Amino acid sequence: MKRLIIPIVAGVVALGLVGLLAYGLVSRSTTDTFAQAVADGRFPVAPSRALPVLGSDDETQSVAALRGQVVLVNFWASWCGPCKAEADVLNRAQRQLAGADAGTVLGVTVDDTPPALLRFVAQHDVRFPSVRDVGSKLGREYDTGGVPESFLVDRQGRIVALRRGPIDDEWVKLALAKVL
């Protein structure tokens with residue numbers, strides 16, 4: 001009986017390790033997948049949903065409807081400190097994209113109310129369109145973990161650059177160089 005215990009324990013430990021390995025592979029998040037795919041030069045198709053345009057009762061917008069243009073998708077909220085600092089960077093990116101007739105910045109608001117969002121837009125002179133991700137469905141498809149987060153989508157609708165956290169002018173310059 002004592003001779004059987006050691007092989008049984010070793011077998012249980014080995015099965016446990018194989019199970020942990022399998023769990024680790026299966027539970028990899030989209031965040032890692034998007035980031036790894038972009039880093040490897042495999043550009044995933046950007047998730048898209050028709051969402052209500054901020055400040056409109058009946059207009060919607062989606063990344064898919066903007067196919068053929070470069071789209072800098074930025075998830076933001078009025079209560080987000082880094083989003084306030086990032087607003088000027090995004091306005092400059094919007095001017096550059098619109099000036100080159102190449103595309104647009106598309107803001108996606110997260111966990112916020114229209115009155116607070118519209119105050120933010122006015123206070124920070126936001127010059128790019130934004131949509132309201134009610135229920136955070138699009139955010140889940142991008143596997144966002146917070147705000148701000150940005151995804152550069154090329155004319156074919158593929159994510160070619162991303163930043164989990166605030167962007168700056170240098171990031172925008174390097175990202176847009178890939179698609180302009």
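**Figure 1. The side chains of Glu149 and Arg164 are joined by a polar contact of 2.4 Å.** A polar contact here is a pair of N or O atoms within 3.5 Å, where within protein one atom must be able to donate a hydrogen and the other to accept it, and residues adjacent in sequence count only if both atoms are side-chain atoms. This is a predicted model, in which local features need pLDDT of at least 70 and side-chain atom pairs count only at pLDDT 80 or more, while totals for chains, interfaces and linings use all residues. Residues are numbered from 1 along each chain as its sequence is written, and side-chain values use heavy atoms, with hydrogens and water left out. The side chain of Glu149 also reaches the backbone nitrogen of Gly145, at 2.8 Å. Glu149 belongs to strand S6, which covers residues 149–153; helices (H or I, at least four residues) and strands (E, at least two) are DSSP runs, numbered from the N terminus. Glu149 has a relative accessible area of 5% and is therefore buried, where buried means under 20%, exposed over 50% and partly exposed in between, with a 1.4 Å probe and protein chains only. When residues up to four places away in sequence are not counted, Glu149 touches Val73, Asn74, Phe75, Thr144, Arg163, Arg164 and Gly165, contact meaning heavy atoms within 4.5 Å.

Figure 2. Leu152 and Leu72 stand 80 residues apart in sequence, yet their C-alpha atoms are 4.5 Å apart in space. With neighbours within four places in sequence left aside, the contacts of Leu152 include Val70, Val71 and Leu72, then Arg158, Ile159, Val160 and Ala161, and also Ala175, Leu176 and Val179.

**Figure 3. The peptide bond from Val147 to Pro148 is cis.** The omega angle of this bond is near -5 degrees, and Pro148 is placed in the loop between helix H5 (137–141) and strand S6. Most residues other than glycine have a negative phi, and most peptide bonds are trans.

**Figure 4. Asp101 and Asp111 are shown for their backbone angles: Asp101 has a positive phi of about 50 degrees, and Asp111 has a positive phi of about 45 degrees.** Asp101 sits in the loop between helix H3 and strand S4 (103–109), whereas Asp111 sits in the loop between S4 and helix H4 (114–123). Asp101 has a relative accessible area of 73% and so counts as exposed, and Asp111, at 57%, counts as exposed too.

**Figure 5. Cys80 and Cys83 form a disulfide.** A disulfide is a covalent bond between the sulfur atoms of two cysteines. In this model a disulfide is assigned to a pair of cysteine sulfur atoms within 2.5 Å, and the sulfur atoms of Cys80 and Cys83 are 2.4 Å apart. By this rule the count comes to one disulfide. The link of Cys80 and Cys83 is right-handed, with 80 degrees about the S-S bond. Cys80 is buried because its relative accessible area is 3%, and Cys83 is buried because its value is 2%.

**Figure 6. Helix H3 (residues 81–99) packs with helix H6 (residues 169–177).** Two packed helices are described by the angle between their axes and the distance between the axes. For H3 and H6 the angle is about 30 degrees and the axes are 10 Å apart; axes are lines fitted to C-alpha atoms, for helices over the stretch in contact, and angles run from 0 to 180 degrees between N-to-C directions. H3 and H6 are therefore roughly parallel to each other, since angles under 35 degrees count as roughly parallel, over 145 as roughly antiparallel, 65 to 115 as roughly perpendicular and the rest as oblique. H3 contributes Val89, Arg92, Ala93, Gln96 and Leu97 to the contact, and H6 contributes Asp169, Val172 and Leu176.

**Figure 7. The side chain of Gln94 reaches the backbone nitrogen of Val105 at 2.7 Å.** Gln94 lies in helix H3 and counts as buried because its relative accessibility is 12%. Not counting residues up to four places away in sequence, Gln94 touches Thr104, Val105, Arg127 and Phe128.
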